[in-house]
Amino acid sequence: MIPDVLIIGGGVVGAACALDLAEAGCRVHLLEAEGLGGGATAAAMGHLVALDGSPAELDLCRLGVERWKALAPRLGTALEFDPCGTLWVARDDEELALVRPRCEAYQVAGISAEMIDARHLHEVESCLAPHLAGGMRVPGDAVIYPPAGARLLSEAAHRAGARIETGTPVATLEPGGVRLMDGTRIAAGAVVLAAGSASREFLRHLPLVKRKGHLAITDRHPGFLRHQLVELGYLKSAHGSDADSVAFNLQPRPNGQLLLGSSRQFGDDSPELRPALLRRMIHRALDYVPGLAELNVIRCWTGFRPTTPDHRPLIGPMPGRPGLFLACGHEGLGITTAPATAALLTAQILGRSLPLDPAPFLPSRFSELAHA
Amino acid sequence: MPRVFVDGLTVDVPEGARLSAALGLPPVACRDLSGAPRGPLCGMGQCFECRVTVGGREVLACLTPATEGLEVRRG
């Protein structure tokens, strides 16, 4: 039997789930407390990136990027889909030595990747500093505009029959449904919790913490940059547990603006900018792209990534709570992996064949959830 | 009274003024992607709406002193 599905959260993950579930024949009702794509989605860079923190992560990214490519023509130009690819940059020979095995791992996972030596690095991206050692190009990666992504996915879900309701905060989860802040009870065969960091407000014991990030954007300089650039040390920052870290990450927006990241902080729940960290982030970028020093940053902002202890999202049934499914905790990969999350979750809810191994993402992998 | 040049036009501004004073009324510094005019809003270097080019470098008109002979290009 096909259940009615209620989705809590209208970020990119909730919206992607709404579309897939509606197209699979479910009667879908999405409840967003504020506006569509207004939380971590709006703060994100929008880099569709194959990241290999683990084989499972790489597989989820691969499916996510593939599905975004298929979705892009449907969703229209407001998505600002740009197949710019990623150029991973090595600072020195030690980092460059990691490129060959990494390329091979990508190829095994079915993702195209090529080594770039120091000599060709400048032909590929002329703004890079002369001392850099080389890199790895992943031509299949891309960029979108995340808040538009959430809105366009929601609109597509609406066209497929989903009911999308904004400005409607949920108060509590109840067996067989939810209760809204205004006291209304809504029953559903399945409830999907896709509220990012706010998911903990409904399940206090979820292993989720907020990991703050800073971003900065310049005004328009078309042609300055072709690929999204990321330092090869990025994974160390992304998957490390340091209180504060920065990693170089620079993205060409389709309008010519340059979007600069990234920082990661635990234990800072204030949205305020931290100038010292922003300075570290910018100085890091100047090591790779010295010409940035001539440009103006015109806006800066922060956001919060919902982070689990093993940096993998929570996707699947919540143990001990029949009918409740999680789709949250995507940290910095929520944009990339939203359509993959939606595909996996839809198959789990409907008992259909799964698009990838669900085990690395199951909520039950955490003992505090397994015994709930 | 310093004299500056804005897109080739001669503009005299009061001593001690910033370049935003030379942008006319309404003051136009640059244009957004739709072609709509943008200009000084906050007047204190926060909004970045008054970006102009001086000597090949992008500066904020509201923070840049209008010194004698400056050539200003609007975006």
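These are my notebook entries on a predicted model, taken in the order in which I looked things up.

**Confidence.** I began with the scores and found ipTM 0.79 and pTM 0.93 for the model. For chain B I noted a mean pLDDT of 94, with 100% of its residues at 70 or more.

**Domains of chain A.** I then looked up the domain assignment of chain A, which gives domain 1 as 5–71 + 145–207 + 310–370 and domain 2 as 86–139 + 209–307. The C-alpha centres of these two domains lie 27 Å apart. Where they meet, I found 20 residues of domain 1 of chain A in contact with 25 residues of domain 2 of chain A. On the domain 1 side of this contact, helix 2 (40–43) and helix 3 (55–75) of chain A each supply at least two residues, and helix 3 gives the most, with three residues. By class, I recorded that side as eight nonpolar, eight polar and four charged residues.

**Cores.** Next I turned to the largest nonpolar core, which has 116 residues, and noted that those with the most contacts inside it are A:Ile7, A:Cys17, A:Ala18, A:Val192 and A:Ala327. Helix 1 (residues 12–23) of chain A brings the largest share of this core, nine residues. I place this core between domain 1 and domain 2 of chain A, because both domains give residues to it.

**Strand 14 of chain A.** I went on to strand 14 (residues 228–231) of chain A and found both of its faces covered, with A:Gln228 and A:Val230 buried on one side and A:Leu229 and A:Glu231 buried on the other. Strand 4 (residues 86–90) of chain A runs parallel to strand 14 and is joined to it by four bridges; within this pairing, A:Leu87 has A:Leu229 as its bridge partner. Strand 15 (residues 244–252) of chain A pairs with strand 14 in the antiparallel sense over two bridges, and there I noted A:Asn249 as the bridge partner of A:Val230.

**Contact between the chains.** Last, I checked where chain B meets chain A and found that the contact takes five residues from chain B and five residues from chain A. The chain B side has two nonpolar, no polar and three charged residues.

Definitions and conventions. Residues numbered from 1 in each chain as written. Chains lettered and ligands numbered in written order. Predicted model: local features only at pLDDT ≥ 70, side-chain atom pairs only at ≥ 80, totals over all residues. Domains from an automatic or database assignment. Contact = placed C-beta atoms within 7 Å. Nonpolar A, V, L, I, M, F, W, Y, C, P; charged D, E, K, R; others polar. pLDDT = per-residue confidence, 0-100. Core = buried A, V, L, I, M, F, W, Y, C linked by C-beta atoms within 7 Å. Buried ≥ 20, exposed ≤ 12 C-beta atoms within 10 Å, placed from the backbone. Pairing = 2+ DSSP bridges.
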